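Q: I'd like to learn how to read a fold from the inside out. Can you walk me through it?

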Amino acid sequence: MESRGDSFLWCIYRGMIPAYFINLDKDTDRLQHIQGVLSDIFLPEHIHRISGVVHKEGKHGCRLAHIRAHVQAISHGHPYYLICEDDLTPLVGDSKEILQY
């Protein structure tokens, strides 16, 4: 019988669960960081960048970028998806370690 972790990874590898990350255009160092982190877990074609939104009140820009990510994921027909920001630091190193949790 397939464990819960195995089915989660199967969904990731089959492209059923894409990753959308938010990154401001000016933050190229963070772009490299998050692409490296996500590529250890997701296939490259399932990783999508969402341009961050600059707003005089930072929290409003953050909110708008998250809404943009949801709209894009839903418009591509994904019932499940991951949205994160470019400063994500996972608790595990790669997909094999996810199975331990």
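Q: Which residues make up the largest nonpolar core?

A: A nonpolar core is a set of buried Ala, Val, Leu, Ile, Met, Phe, Trp, Tyr and Cys residues joined through side-chain atoms within 4.5 Å. Buried means under 20% relative accessible area, exposed is over 50%, and partly exposed sits in between (1.4 Å probe, protein chains only). Here the largest core has 11 residues: C11, I17, A19, F21, I34, V37, L38, I41, F42, I47 and C84. Both β1 and α2 (28-39) supply at least two residues each to this core, and α2 gives the most, with 3 residues. A second, separate core has 7 residues, including Y20, A69, A73 and I83.

A: A word on the basis: this is a predicted model, where local features need pLDDT of at least 70 and side-chain atom pairs count only at pLDDT 80 or more, while totals for chains, interfaces and linings use all residues. Residues are numbered from 1 along each chain as its sequence is written, and side-chain values use heavy atoms, with hydrogens and water left out.

Q: What order do the elements run in?

A: Helices (H or I, at least four residues) and strands (E, at least two) are DSSP runs, numbered from the N terminus. This protein has 4 helices and 3 strands, and from the N terminus on they go α-β-α-β-α-β-α.

Q: What does A19 touch?

A: Contact means heavy atoms within 4.5 Å. Leaving out residues up to four places away in sequence, A19 touches L38, F42, H46, I47, H48 and L82.

Q: Is N23 buried or exposed?

A: N23 counts as buried because its relative accessibility is 1%. It lies in strand β1 (residues 19-23). For polar contacts, look for a pair of N or O atoms within 3.5 Å; within protein, one must be able to donate a hydrogen and the other to accept it, and residues adjacent in sequence count only if both atoms are side-chain atoms. The N23 side chain makes one with the side chain of D86, at 2.8 Å.

Q: And how much of the protein is buried?

A: Of its 101 residues, 33% count as buried. Accessible areas come from the Shrake-Rupley method with a 1.4 Å probe, and for residues, only the protein chains shown count as cover. The protein exposes about 6,800 Å², with carbon and sulfur atoms supplying 56% of that.

Q: Where is L64 found?

A: L64 is in helix α3 (residues 58-75). With a relative accessible area of 35%, L64 is partly exposed.
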